[in-house]
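I opened a new notebook page for this structure. My plan is to look up a few things and write down what I find.

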Amino acid sequence: MKAIVNVSLKAGVLDSQGKAVHHALDSLHFNNVSDVRVGKQIILKLDETDETKAMADVTKMCEDLLANTVIEDYEIELVQ
Amino acid sequence: MKVAILQFPGTNCEYDTQHAFEALGATTEIVWHKSETIPGDTDLLVVAGGFSYGDYLRSGAIAKFSPVMKAVSAYAKNGGKVLGICNGFQVLTEAGLLPGALKRNEHLHFISKHHHLKVLNNDNVFLEKLSKNDVVNIPIAHHDGNYYIDEKGLSELYANNQVLLHYTDAEGNIKNPNGSIDSIAGICNKEKNVFGLMPHPERAMESLLGSDDGVKMLQGFLSA
């Protein structure tokens, strides 16, 4: 199965890249955008069939390495 | 006085750091990150600047799992003195040896220039040669130097005199180059044996090259 991990800055932590992209969209006249957050996506191919085990493993990977939980949140999506 | 200097793939300030400490009379040894031990006679361990592992994923994120980092943690927890400069500061926050994190600079630029810093606290071995409110001129060179810590963490830092340096102008007024919370340029841990700063004191050793204020900073470690 595949695990799709989305990492982004926590709400309340200023996202400078999101702000810059927002500015750029504004200057392209996309004036209906109220907020932009830039994150990163990490796609893992797992040799695992047990979803519970996969979720536990990927959560540990996020806590240990994939995200810095001082400033970032992560979301995990498992895809068969 | 023996200074051990860590070298990861992508570290690029290890020789400047070595030169700076040797000029001050210390003996030095560069320690490759695959080493599982650090020299037994180490008096100060420096995590030098650069771009360990190409800053992949996040600055310092991958270096924290290098074999040598277990020895670094043990050394620090045992009271050993550790100094992280620039990428070294990022590595120490990622490794949990210093609180907070370093984010991308607020205006997204890589900043490379001399900047003034004001000493907030000198009740520690690092800055004891300086006085409170002294202003030093030290180069900065970073992309991810935007220090962040949550409100609770920030008030703890101030309560324990852990905020060491603020970015300022030459008169000591706050001047924030990178968006760091409260314009913080350097901190230490609660026990005051682990230090981290984004500016490069090892690049400010000769007045001919712009500033020798780094001498006063690094000298603190030598008299200890």
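**Entry 1: ground rules**

I am working with a predicted model. I keep that in mind for every entry below.

**Entry 2: the sheet of chain A**

I began with chain A. How many strands does the open sheet of chain A have, and in what order? I found three strands, in the order S2-S1-S3. The pairing is antiparallel. I noted S2 and strand S3 (72-79) of chain A as the edge strands, each pairing on one side only. From one strand to the next, the twist averages 20°.

Next I looked at one pair in detail. Strand S1 of chain A covers residues 2-9, and eight bridges join S1(A) to S3(A). The two run antiparallel. At one position I saw A:Leu9 standing opposite A:Glu72 in S3(A).

**Entry 3: helix H2 of chain A**

What does H2(A) lie across? I traced H2(A) over S1, S2 and S3 of chain A. The helix runs at about 155° to S3(A).

I then checked for a charged pair within this helix. A:Lys60 and A:Asp64 form a salt bridge, with 2.6 Å from N to O. Both residues belong to helix H2 of chain A. They are four residues apart, which is about one turn of the helix. Over all chains, I have 10 salt bridges on the tally.

**Entry 4: the sheet of chain B**

I moved to chain B. Its open sheet has nine strands, with mixed pairing. The twist here averages 25° from one strand to the next.

Strand S10 (residues 184-188) and strand S11 (residues 194-197) of chain B pair in the antiparallel sense. Three bridges link them. B:Gly186 stands opposite B:Leu197 in S11(B).

I also followed helix H1 (residues 14-23) of chain B. The helix lies across strand S1 (2-7), S2 and strand S3 (44-47) of chain B. I wrote down about 175° for its angle to S1(B).

**Entry 5: where the chains meet**

Last, I turned to the interface. The area buried between chain A and chain B is about 1,300 Å². Carbon and sulfur atoms give 61% of that area.

I counted one salt bridge between chain A and chain B. It joins A:Glu72 to B:Arg58, with the closest N and O atoms 3.7 Å apart. Seven residue pairs are in polar contact across the interface of chain A and chain B.

Conventions
Residues numbered from 1 in each chain as written. Chains lettered and ligands numbered in written order. Predicted model: local features only at pLDDT ≥ 70, side-chain atom pairs only at ≥ 80, totals over all residues. Heavy atoms only, no water. Buried area = accessible area lost by both parts, 1.4 Å probe. Salt bridge = Lys/Arg side-chain N within 4 Å of Asp/Glu carboxyl O. Polar contact = N/O pair within 3.5 Å; in protein donor to acceptor, adjacent residues only side chain to side chain. Pairing = 2+ DSSP bridges. Axes fitted to C-alpha atoms, helices over the stretch in contact; angles between N-to-C directions. Contact = heavy atoms within 4.5 Å.
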